[in-house]
Amino acid sequence: LRTPIAVMKAQLAPLHVPVATILSRDLDSMGRLVEQLLDRARLGKLKIEPGDFVDLYQVAREAAAFLAPRIVARGRTIEVIAPGKPMIVAGGQDDLFRAVRNLIENAVEHSPEGGLVSVTITDTPAIVVTDRGNGFPQHALDDERRRSGTLRSDRREGAGLGLSIVERTMQAHGGQLKLSNPPEGGARAEMRFKLDDGAG
């Protein structure tokens, strides 16, 4: 699936007409859906090996840098806030990168023009992604639905795979995903990790 999408995008690139821009955007969405489906399939084999440790700040910074050009192109901004020390947890670098990427993409999609997406690393430890959009629908805040594996945000059109991927990733890491709508508005998604003495 990746190859034909890439070929079609290459064929559209030289065409400077409105319909080519629309089709290219649709192909981007299709490509992202394919990536999410692959991520979902990988989660079935996800296993944290002894000695696998990750710096949450590094993961958040890399995800933000990876998405920065797209975020700027959409007229949004992003910031990464972290304590002045590494925040190490037991985990898989690539899996957590994909999870953080999903949360940032979801936040950007629902941020208003000129909106700010904040990625904060706390010493609890956790990665918190907040936006200034309309918040999560009430059913997405249901902990029971999250535990049953039927979580979908419905904040955007599509398969609703992003939050499900994050939820399952956190379960594999012995942590949890907590969603909330702050009183001041927007949405807050928190990847909460368990403390691991061996990470020090």
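Seven salt bridges are found when the whole structure is searched, a salt bridge being a side-chain nitrogen of Lys or Arg within 4 Å of a carboxyl oxygen of Asp or Glu. One of them is formed by E109 with R74, whose closest N and O atoms are 3.4 Å apart. Because E109 lies in helix 4 and R74 in the loop between helix 3 and strand 2 (77-81), the pair ties together parts that are 35 residues apart in sequence. This is a predicted model, in which local features need pLDDT of at least 70 and side-chain atom pairs count only at pLDDT 80 or more, while totals for chains, interfaces and linings use all residues. Residues are numbered from 1 along each chain as its sequence is written, and side-chain values use heavy atoms, with hydrogens and water left out. Helices (H or I, at least four residues) and strands (E, at least two) are DSSP runs, numbered from the N terminus.

- Five strands make up an open sheet in the order 2-4-5-7-6, with mixed pairing, where two strands pair if DSSP finds at least two bridges between them.
- Strand 2 and strand 6 are the edge strands, each pairing on one side only, and the twist from one strand to the next averages 15°.
- Strand 2 and strand 4 (residues 116-122) pair in the parallel sense over five bridges, and T77 stands opposite L116 in strand 4.
- Strand 4 runs antiparallel to strand 5 and is joined to it by five bridges; S118 stands opposite T130 in strand 5, and I121 stands opposite I127 in that strand.
- Strand 6 (residues 176-180) is antiparallel to strand 7 and joined to it by five bridges, with L179 opposite A189 in strand 7.

**Turns and backbone geometry**

- A hairpin through three residues joins strand 4 to strand 5, and P125 has its place in the loop between these strands.
- The peptide bond joining T124 and P125 is cis, with omega of about -5°.
- Strand 6 and strand 7 also form a hairpin, here with six residues between them, and G185 in the turn has a positive phi of about 110°.
- As background to both features, most residues other than glycine have a negative phi, and most peptide bonds are trans.

**Helix packing**

- The axes of helix 3 (residues 56-73) and helix 4 (residues 93-109) come within 9 Å and cross at roughly 45°, the axes being lines fitted to C-alpha atoms, for helices over the stretch in contact, with angles that run from 0 to 180 degrees between N-to-C directions.
- That angle makes helix 3 oblique to helix 4, because angles under 35 degrees count as roughly parallel, over 145 as roughly antiparallel, 65 to 115 as roughly perpendicular and the rest as oblique.
- The contact between the two helices, meaning heavy atoms within 4.5 Å, includes A63, F66 and L67 in helix 3 and L96, F97 and I104 in helix 4.
- By class, this contact of helix 3 with helix 4 has 12 nonpolar, two polar and four charged residues, where Ala, Val, Leu, Ile, Met, Phe, Trp, Tyr, Cys and Pro count as nonpolar, Asp, Glu, Lys and Arg as charged, and the others, Gly among them, as polar.
- Helix 3 also packs on the sheet, touching strand 2, strand 4 and strand 5, and its direction makes about 170° with that of strand 2.
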